[in-house]
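Biologist: Please take a close look at one part of this model for me, and walk me through what surrounds it. I would enjoy a connected account.

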Amino acid sequence: MSPQTILAILLAATAFSYFFEQSLAWLNIARPRQDIDPRVREYFDPERYAKTVSYQKDKTRLALITASLFTAANLLLLAFGTFGWLENQLAASIGSQLRRALAFYGILYLAMDLATLPVQIYATFRLEARYGFNRTTPKLFIADKIKSLILSALLGAAAISGLVTLVQKMGPNFWIWFAAAAILFILLMNMFYTSLIVPLFNKLRPLPEGELRNAIEAYAQTQNFRLTGIYVIDASKRSSKSNAYFSGIGPKKKIVLYDTLIEKHSIEELVAVLAHEVGHYRHKHIIKSFIASAMQISLILWVFSLFAAAPALSLALGADHYALHLNLLAFAILAGPITSFSSLFSMVTSRRYEYQADAFAARTTSAAAMSSALIRLSADNLSYLYPHPAYVFFNYSHPPLLQRLEHLGV
Ligand SMILES: [Zn+2]
């Protein structure tokens with residue numbers, strides 16, 4: 001295939017992803033319903049319901065503006081061969097392929113982060129603040145930014161170094177070794193995320209003594225669940241939104257409750273939320289998702305290995321020579337539609353897991369407690385009540401509230 005044809009495909013793939021995602025987002029907010037489902041009226045009064053609709057619209061508008069600017073910039077950079085031009089400039093002064101790859105992605109990452117900084121600031125200090133969610137101070141925002149920059153630089157540099165070295169040493173079979181390393185990394189992340197990464201940004205403390213702990217202890221005993229793994233996180237320092245999650249594999253398993261969740265829910269509801277997380281554990285959802293993502297990564301890397309050595313991809317981006325890191329970028333753009341297809345599979349699975357965890361909580365506590373926890377959580381977080389089914393199908397990792405209530409038989 002000629003570089004010109006590949007460039008045409010790259011431009012088409014970029015434009016296609018943009019139009020596809022934005023049409024779904026538009027469909028989602030085009031005609032909001034006026035009625036409020038009677039099952040949720042206690043928490044969604046007309047004023048709150050109106051707020052959920054305008055929150056969704058504001059978020060969609062911001063995403064539309066961001067995606068439009070991002071896509072326009074990408075199309076221009078591709079059409080003018082700017083990615084290749086950057087590589088040509090770097091090649092003139094940096095001989096080592098590895099250092100050139102690191103410089104190339106370092107520049108791209110910083111440029112993208114700087115370009116989207118105004119959007120990040122607007123989203124946190126205007127949009128989220130307008131709906132009463134934001135609690136991030138400018139100081140915390142900057143500290144978060146610096147920490148995540150360092151973390152991404154370390155992880156990104158490790159991944160790029162690994163890739164370049166393996167391609168140099170292993171040739172076309174590099175993908176097997178890289179997949180093995182990536183899978184090991186995800187496994188370690190699964191095990192140590194809450195104990196190593198989360199403490200960089202938040203404080204975790206064991207659930208303190210008191211009425212809630214007693215109720216949870218009583219529940220945990222009926223389920224033979226070890227209690228030492230239940231933590232409270234100070235999420236309230238960034239946002240008033242609430243949540244809970246399960247993470248970890250084997251002895252490293254942890255259930256994390258947001259302090260904002262504990263503030264707003266009754267003890268019965270909190271036990272139901274905890275039971276939902278125990279449900280994820282009992283159904284082995286973490287291990288199953290881990291296996292699925294291991295397969296997904298191997299597949300994508302194998303497909304990349306077929307394109308990794310083709311000079312036409314580098315030339316299509318405007319370079320005058322072949323470079324592995326340019327091929328990686330071209331592949332990432334081309335694979336956009338493919339990866340969103342495989343993430344579609346994990347979304348479908350994830351929604352099924354949510355129903356199973358809800359059902360587990362209903363069985364071991366009560367459907368009433370689980371459903372009132374879900375309704376209160378959705379009302380507090382201003383969740384959109386009637387998302388479009390097509391939008392849900394492609395974008396939701398958790399089913400919408402009303403479907404979850406239906407599955408709970410409420
Ligand atoms: Zn869940």
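Modeller: Happy to! V232 has a relative accessible area of 2%, so V232 counts as buried (under 20%; over 50% is exposed and in between is partly exposed, with a 1.4 Å probe and protein chains only). This is a predicted model, in which local features need pLDDT of at least 70 and side-chain atom pairs pLDDT 80 or more, while totals for chains, interfaces and linings use all residues. Residues are numbered from 1 along each chain as its sequence is written, and side-chain values use heavy atoms, without hydrogens or water.

V232 sits in strand β2, residues 230-233 (strands are DSSP E runs of at least two residues and helices H or I runs of at least four, numbered from the N terminus). Beyond its neighbours within four places in sequence, V232 is in contact (heavy atoms within 4.5 Å) with K203, L204, R205, L207, P208, L257, D259 and I262.

Of its 16 residues, 12 are buried, so α9 is largely enclosed by the rest of the structure. Among them are H276 and H280, which lie four residues apart in α9 (residues 267-282) and are therefore separated by about one helical turn. From first C-alpha to last, α9 reaches 22 Å, close to the 22 Å expected (1.5 Å times one less than the number of residues). After α9 comes K284, with a positive phi near 55°.
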